[in-house]
Amino acid sequence: MDNARNSRKGGKSEYATFFLKNALCGIALSSIQEISKPSRLTVVHQSPDYVMGVINLRGKIVTIIDTGKLLGLTPIKRSDDMRNIIVNLDEEFVGLMVDRIGNVITVEPAQADMPPANIGDVPGRCFDAVYKTNNEVVGLLSLDSIF
Amino acid sequence: MQTPNASTNTNVSIQISSLEALMNLAGELVLGRNQLLQAIGSDDKRLLETTSQRIDMVTSEIQEQIMRTRMQSMGTLFDKISHIIEELARQSGKQVGLSTTGKAVELDKTILEAIGHPLIWMIRKAVNHGIESPDIRNKLKKPEQASIELNACSEAGQVNLEIIDDGKGIDPDTMVAHAVETGLISEKEGLDAITEPEKMRFVFLPGLFADQNAMDGSSQFAGIHEIKACLEKVGGTIDINSTLGHGTHVRIKLPLTLSIIPSQIVKLGEERFAVPQVNLSELLRIPANQVKNTIEKVGGASVIRLRGELLPLIDLAGVLGVARSFIHPQDGLRHPERRRTILDRRSKDHSTPEPDYGGRERRLDQDRRYHAESALNIAVVSTGKYKYGLVVDTLNDAEEIVVKPLGKHLKECRGFAGATIMGDGKVALILDVARIGEISNLKTEHNNKQFETISGSQKAQGVENAFLQSYLFFCNSEMERFAVPLEMVERIEKIEATRIETVGGNRVLKYRGGTLPLIALEDAIRVAPIPERNHYQVICFKINGREIGVLSTPPIDAAQVKLTLDTKTLKQPGVMGSAVLMDKTTLILDIRQIVKTVKPDFFNEVCGNG
């Protein structure tokens, strides 16, 4: 994403972090519309298997994606912690279901590195960069490469 | 059905006043929300009531106002058409006067855009091909200046459009005759009895005007079936009335808007689906104990006999790949379905001997297959191409729904035209009836008009004469079915029983100035006699140049079948053999032999000939 690239050049940017099983990932705050608790899903039959269904977001039909399955990891486990990150993808809202939501972090450009081959089990191509906080490594996801 | 986002990159011009009205309403809505929050916070029931009332009003007003911004008047389109007519008239040296009414009638922008092309197409054809040149008009004693009327009016949530010209028109009878001639209509039955408007419906038969010189006035209508398809895409209907020499009257009905459509809500388990009302013909409920009698299996597919017409059935759960489930009447819980087909019933009236379960748990008498709740609910739907029954679990109410597009990740999901939000806030999917027909047609290879079946189990015995042939199926007594090769049949007539006379021991029918000898099958072969009826179907054959009618009872069907003829089991003089077609034993008749038995005189004169 532009933000990640900018961050390497010098500008600070904010990322919302979330967990996919144990892997900590981040997504640019600017691309996020909102984060919501899962609401009642309507299953769409014959849809791709990474699509969990559709929800009504204030009159808009939003497709909910199982982010775990989309990235080829374990599917999201139903729990009270799971959250729906609604992102704006080419003028359309799409919901990314994640296992658990983390903090918002500010990425210092100096600490962002090129992504390794993989983080946890997530393939490296999904990430724009990796960011090391004091004790953790966050993979910064880009919407362009995961869809 | 087109979803509203299909034209996202087009613009609409709005009057400032209506924008201001919207701003004002948005302000009201904010006030309403504040009140609502306050009412909820203070737990004030009365305030809550007044607030909800206020929000209700504001919401519907906003909706109305926003709908209005999408509406545009017919004026621009009418002006455009007027220019086109002038231009065309000048080029062809014809004189055409246009009169319009209802320029101010408003229509949703999407629909207005969609009908522009069809309307102009029809006007162009009317001027170029329908309207005669001035000297011909003079000879026909018509006014030199031809007239075209263009009327629009809104009525009961619909917009009616009329195009009336006084050109040469087309003769419905000639059209029907041509359709029969070219083989586009194969069924000759009842063609004499159909009304003028029904005849005019053949104008939409694709390929009817392939040879433009075949009949007078055909060039005006060549390709009109495509226009019909265009209009149907936006939920419109078209009717044409025409008289040769007097002109054509086209009536088009259009919905006011595409984004709100009346729909029938159906349910599969707990999931709801919307079927657009335009596609819906009727709703059927088959009680559990009648399922076995009304529904038949043809090949792998189920069909229902509905007023003499065979209607394929599509199981919605099967098409969508939904695991069927049901609520058990005893424990009230949802269980997965064990029945493999919708036909699987064991009602008490038609019970079959229970098989030996061989030690396995024998099902109790309260087996759900006996239960009244297992009635079959069917929504009969039709599109241009298909007509079929959609089997669902429950039929709910009809509702007006707002069509919303599905996201791009779901573009590959066939069978859905979009989504809508139900009263409880949950999303329901809108079924695309045409696509579902397509999907299941691929699966079942089952077509409305034609069914192809062979008996796989009967191959063991008899001669195998497997080739595709057209047969006409009919009944004598209702229990037995017969078939004759279709090419033997001259025509089929529906007659009243009172028209049959018995003269000198022979049944005859007064017919077109002559008499048609009638025979019944039981006169010639050993079959159950034909029951007394008010009406009979007479199948006419031509034997050695003379016509003879065979009495029969409906249903009469024509179909192409692959026949595996069993020439041993049920063979008798006049019967070539039997075959199992559509799961029913059918006797294939030797009509010449039957006539020979009953009316030997048919063969006496030209003995041994043909």
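Two strands are counted as paired if DSSP finds at least two bridges between them. In chain B, strand S8 (residues 260-268) and S9 meet that condition, since DSSP places 6 bridges between these antiparallel strands. Within this pairing, Ala274(B) in S9(B) is the bridge partner of Ile265(B). The structure is a predicted model.

**Chain B overall**

- Chain B has 610 residues, of which 44% are buried.
- Its secondary structure consists of 13 helices and 30 strands.
- Of the contacts in chain B between residues at least 6 apart in sequence, 65% connect residues at least 24 apart.

**Strand S16 of chain B and its partners**

- Strand S16 (residues 376-382) of chain B is mostly covered, with 6 of its 7 residues buried.
- One partner of S16(B) is strand S10 (residues 280-286) of chain B, to which 6 bridges connect it in the antiparallel sense.
- In this pairing, Leu376(B) in S16(B) is the bridge partner of Ile286(B).
- Strand S17 (residues 387-392) of chain B also pairs with S16(B), again through 6 bridges and in an antiparallel arrangement.
- Here Lys387(B) in S17(B) lies opposite Ser382(B).

**Aromatic pairs**

- Over all chains, the whole structure contains 2 aromatic pairs.
- Phe273(B) and Phe416(B) form a stacked pair, with 6.4 Å between ring centres and 5° between the planes.
- This pair links distant parts of the chain: Phe273(B) belongs to strand S9 (residues 271-276) of chain B and Phe416(B) to strand S19 (residues 416-421) of chain B, 143 residues apart.
- Phe273(B) and Phe416(B) are both buried.
- The ring centres of Phe474(B) and Phe482(B) are 6.0 Å apart and their planes meet at 35°, so this pair is classed as tilted.
- Phe474(B) and Phe482(B) are likewise both buried.

**Charges over rings**

- In chain A, the charged end of Arg100(A) is positioned over the ring of Phe19(A), at 4.1 Å from the ring centre.
- In chain B, the charged end of Lys228(B) lies over the ring of Phe204(B), at 5.1 Å from the ring centre.

**The six-stranded sheet of chain A**

- Chain A contains an open sheet of 6 strands in the order S8-S1-S2-S13-S12-S9, and the pairing is mixed.
- Strand S8 (100-107) and strand S9 (112-113) of chain A form the edges; because each has a single partner strand, one side of each is without a neighbour in the sheet.
- Strand S1 (residues 13-20) and strand S2 (residues 23-28) of chain A run antiparallel and are joined by 6 bridges.
- Ala23(A) in S2(A) stands opposite Leu20(A).

**Buried loop residues**

- Pro109(A) is located in the loop between S8 and S9 of chain A.
- The relative accessible area of Pro109(A) is 14%, so this residue counts as buried, the cut-off being under 20%.
- Pro109(A) and Ser13(A) are separated by 96 residues in sequence but lie 8.4 Å apart in space, C-alpha to C-alpha.
- Gln572(B) is situated in the loop between strand S28 (546-562) and strand S29 (575-581) of chain B.
- With a relative accessible area of 10%, Gln572(B) also falls under the 20% cut-off and is therefore buried.
- Leaving aside residues up to four places away in sequence, Gln572(B) touches Ile525(B) and Arg526(B).

Notes. Residues numbered from 1 in each chain as written. Chains lettered and ligands numbered in written order. Predicted model: local features only at pLDDT ≥ 70, side-chain atom pairs only at ≥ 80, totals over all residues. Heavy atoms only, no water. Helix = DSSP H or I, 4+ residues; strand = E, 2+ residues; numbered from the N terminus. Buried < 20%, exposed > 50% of the residue type's maximum accessible area, 1.4 Å probe, protein only. Contact = heavy atoms within 4.5 Å. Phe/Tyr/Trp six-rings, centres within 6.5 Å; stacked < 30°, edge-to-face > 60°. Lys NZ or Arg CZ within 6 Å of the ring centre and 35° of its normal.
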